[in-house]
Amino acid sequence: MDNSYAPRFDAYAATIPASPSDVLDALEGLTAGAAWDRLERAPHGYGCGARLVDEEGQLGQVWWGGRHTRPHASFQGDASPAAATVLRDCFPDHSMARGDVIAFESAEPGAFDRVQAACLQVAAAQRVRVRTAGDHLLTMEGRTTYYGSPKAVVMVRQYDKAAELRAKLRDPARLALVPPELVRFEMQLRPQGAEAKRAAALASPAELLGSAKWLRTMLQDVAGLQVDPFRARPLWRQSDVEGSYWWMLRQFRHVLRSKLNDAGSAACLGLQLVDDLVLIEQEDSHAKA
């Protein structure tokens, strides 16, 4: 199989330490004629949102406000490489929440079956979950094989890209360019932990393909691709104290946010928390005396 394919993003989502207006301004020029269209309602607890559209349709969305302190950008499909480049150039301190990377494509006859057979061997040897969708029995079109759990850090989709293009395209000239067979092998990566998300925002698509041992084996066996390991999860388990701290923040973040607004600044809130902690310890000490 041709291993000259350069991996690229097919989806890119990131949380950005910047103002919403700066994010919207940076992404607006992604394609010629692109413009923002405000959403009536933003998802996932965000207060506001907008989608970037051009003559081809939606390129991506940005959400901000509500329960969240930082804006979040999400792009899919052909706009993803350009969006990733803009975010990395303009906001190098952002955290990548999700990145889909196309590892390779092949238009060779019978490539889907050959790739699938090799990957199933790896999946069986390394106990990787396998699922299928689409027609694997009759027309053999629109079929997809998934490796890994959808809730895991790494999941891979192997699917019939030619069938997808034939179902989507309406222009006869573009339809004529679709090959009879085209298999796409694509990784979905959701880094875990703040450190891994920041590291992922700096890594190239090819480097991110090293996020799972079983995926590295598949890429070597199927396409002759050798990639170095990339750590997409924390190096060690959190200590009990660290875990309890983050649990406390998640459980009482609304209370803490309200107290922060009342205190007027992070410094004042910190001093108040220390004073209140000392007061509680003194009360407990007196109660035991």
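**Close-up views of a predicted model**

**View 1. Arg184 and Glu105 are joined by a salt bridge.** The side chains of these two residues meet at 2.5 Å, N to O; a salt bridge is a side-chain nitrogen of Lys or Arg within 4 Å of a carboxyl oxygen of Asp or Glu. The pair links distant parts of the chain, with Arg184 in strand E10 (residues 183-189) and Glu105 in strand E6, 79 residues apart. Helices (H or I, at least four residues) and strands (E, at least two) are DSSP runs, numbered from the N terminus. Arg184 is buried, at 4% relative accessible area, whereas Glu105 is partly exposed, at 21%. Buried means under 20% relative accessible area, exposed over 50%, and partly exposed in between (1.4 Å probe, protein chains only). The model is predicted: local features need pLDDT of at least 70, side-chain atom pairs count only at pLDDT 80 or more, and totals for chains, interfaces and linings use all residues. Residues are numbered from 1 along each chain as its sequence is written, and side-chain values use heavy atoms, with hydrogens and water left out.

**View 2. Arg184 also forms a salt bridge with Glu186.** Here the N to O distance is 3.8 Å. Glu186 is buried, with a relative accessible area of 2%. Salt bridges that share partners join Asp10, Arg98, Asp100, Glu105, Arg157, Arg184 and Glu186 into one network. The structure as a whole holds 9 salt bridges.

**View 3. Arg157 and Asp100 form a salt bridge between two strands.** Their closest N and O atoms are 2.8 Å apart. Arg157 belongs to strand E9 (residues 154-160) and Asp100 to strand E6 (residues 95-106), so the pair ties together parts that are 57 residues apart in sequence. Both residues are buried: Arg157 has 13% relative accessibility, and Asp100 has 2%.

**View 4. Asp10 sits in strand E1 (residues 8-15).** This residue is buried, at a relative accessible area of 13%. Leaving aside residues up to four places away in sequence, Asp10 touches Gln76, Gly77, Ser80, Asp100, Ile102, Tyr159, Arg184 and Glu186. Contact means heavy atoms within 4.5 Å.

**View 5. The largest nonpolar core has 53 residues.** A nonpolar core is a set of buried Ala, Val, Leu, Ile, Met, Phe, Trp, Tyr and Cys residues joined through side-chain atoms within 4.5 Å. Phe75, Phe104, Phe185, Met187, Leu208, Trp214 and Leu215 have the most contacts inside the core. Helix H8 (residues 213-223) gives the most to this core, with 6 residues. Beyond residues up to four places away in sequence, the contacts of Met187 include Val101, Val154, Leu208 and Leu215.

**View 6. A nonpolar patch lies on the surface.** Its members are Tyr245, Trp246, Trp247, Met248, Phe252 and Val255, with about 620 Å² of accessible area together. Val255 lies in helix H9 (residues 240-263). Patches are made of residues with over 30% relative accessible area and no salt bridge; like charges are joined within 9 Å, and nonpolar side chains (Val, Leu, Ile, Met, Phe, Trp, Tyr) within 5 Å. Accessible areas come from the Shrake-Rupley method with a 1.4 Å probe; for residues, only the protein chains shown count as cover.

**View 7. Ala117 is in helix H3 (residues 111-125).** Ala117 counts as partly exposed, at 42% relative accessibility. The C-alpha atoms of Ala117 and Val222 are separated by 9.4 Å, and the two residues are 105 residues apart along the chain.
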